[in-house]
Amino acid sequence: MGALGLYRDTPGPLTDDQHAEALVVADVATRAVLALHANASPSELATEIETGANLRLVVHQACGTVAVQLGVGLTEALIRLRACAFANDRPISEIAEDIVARRLRLDPDSGEIYKQ
Amino acid sequence: MTEPLSSREVLLTRTLVQLADTLVEGFDIVDLVTFLAVRCVEILDVAAAGLMLPQTNGELGIVASSSEAMYILEAFEAQSNEGPCPDCYRSGRPIVNLDLVAAHGRWPRFTPRALAAGFRSVHALPMHVRNDTIGALNLFRTREGTMDENDVNAAQSLADVASIAILQYGADIDLRALNDQLSSALNSRIVIEQAKGIIGERSGIEMAQAFSLLRTYARNNRRLLADVAREVIDGTLRPESLS
């Protein structure tokens, strides 16, 4: 759903410990953003809903499906669909088609599960 | 002695009477225009019918379809800003008997998709309210040949009734601006789609069946489709209670 950018003034790769800590920070930031969206006031979500109004019908169906699969509300379901699309570099409508056709499901523990 | 009406003419007459009755009583816009789309397919010898309305960004959105099959919904949705519906909507003029095979280049994104879906010809009738065009009735045929003049006139009548229905719906629930009426119909469609997804996942059924369950429940309980959908979404109504 996004990227955490880290900068410093000395060259070289991160150590294993630094890498692990960075992943924790990224995880915390992700949860914070999701929580913000979930608790956002109606006007803050207005942009989300406004953009949502121009999505294809299959995306709205997939929101319903994913909301049940993950046990979350519709707004978070849309965010997770967007995150899945972003992570796979595919349009959200294609991910939605896969979800509705039952080729793909989102699991709260295992993430993306593709039907073999 | 006058000639008897054909069975299709009887069905058209019956449809118009049913629509008139519904408009007087108070009604559900999505249910009504879905009924209209289904009747179009029965009366007009077309393979699919859909009603398109403008969204807030100016692109057309589908508010009702004769079928919930994905490939049919996609053929309508492919016309958000290119195709016979947008052309008809912008010009206010009907597009009739357009052969998709001969139409190459006119709608480079829409035409291949419609052909891939098995459609051969397309028609778009404008929905008029006085001097404005508020949407379009979209029809697809799979066979070659043209739609005759009687059918085109019947299609325009059905499109006109759809326009009246949208206006009447707005008056019923006190939406002043036409834009509000159009948005409301499209937003109703969105919550219905969300509820379909929820029901489909909970009950392990396909989207078309989920829509059927919603619609039947709404009719049996004399409730608006969108209201029933909202209750499914907020958990007040459990999918198991629908059948």
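## Domains, core and a helix

In this predicted model, the centres of domain 1 of chain B and domain 2 of chain B, taken over C-alpha atoms, are 24 Å apart. Where the two touch, domain 1 of chain B puts in six residues and domain 2 of chain B puts in ten residues. On the side of domain 1 of chain B that meets domain 2 of chain B, you'll find three nonpolar and three charged residues, with no polar ones. As for the bounds, the domain assignment of chain B runs 7-174 for domain 1 and 189-242 for domain 2.

Now for the core. The largest nonpolar core has 97 residues, and the members touching the most others are B:V33, B:L137, B:A162 and B:L214. Helix α2 of chain B (residues 29-44) supplies the largest share of this core, at ten residues. Both domains of chain B take part: the core draws at least three residues from each of domain 1 and domain 2.

What does B:A162 contact once its neighbours within four places in sequence are left aside? The partners are B:V33, B:L36, B:L51, B:M127 and B:L137.

Next, have a look at helix α1 of chain B, residues 7-25. Its 19 residues reach 27 Å from the first C-alpha to the last, close to the 27 Å expected at 1.5 Å a residue. The buried residues of α1(B) are B:L12, B:T15 and B:L19. Looking down the axis of α1(B), you'd see its buried residues fall within an arc of 60°, so they line one face of the helix.

The face of α1(B) turned away from the buried side carries exposed residues, including B:S7, B:R14, B:D21 and B:E25.

Finally, chain A. Its secondary structure comes to five helices and two strands, and along the sequence the pattern reads α-α-α-α-α-β-β.

| Feature of chain A | Value |
|---|---|
| Buried residues, out of 116 residues | 23% |
| Contacts joining residues at least 24 apart, among contacts between residues at least 6 apart in sequence | 52% |

Key. Residues numbered from 1 in each chain as written. Chains lettered and ligands numbered in written order. Predicted model: local features only at pLDDT ≥ 70, side-chain atom pairs only at ≥ 80, totals over all residues. Core = buried A, V, L, I, M, F, W, Y, C linked by C-beta atoms within 7 Å. Buried ≥ 20, exposed ≤ 12 C-beta atoms within 10 Å, placed from the backbone. Helix = DSSP H or I, 4+ residues; strand = E, 2+ residues; numbered from the N terminus. Domains from an automatic or database assignment. Contact = placed C-beta atoms within 7 Å. Nonpolar A, V, L, I, M, F, W, Y, C, P; charged D, E, K, R; others polar. Expected span 1.5 Å × (residues − 1). Arc of directions from axis to C-beta.
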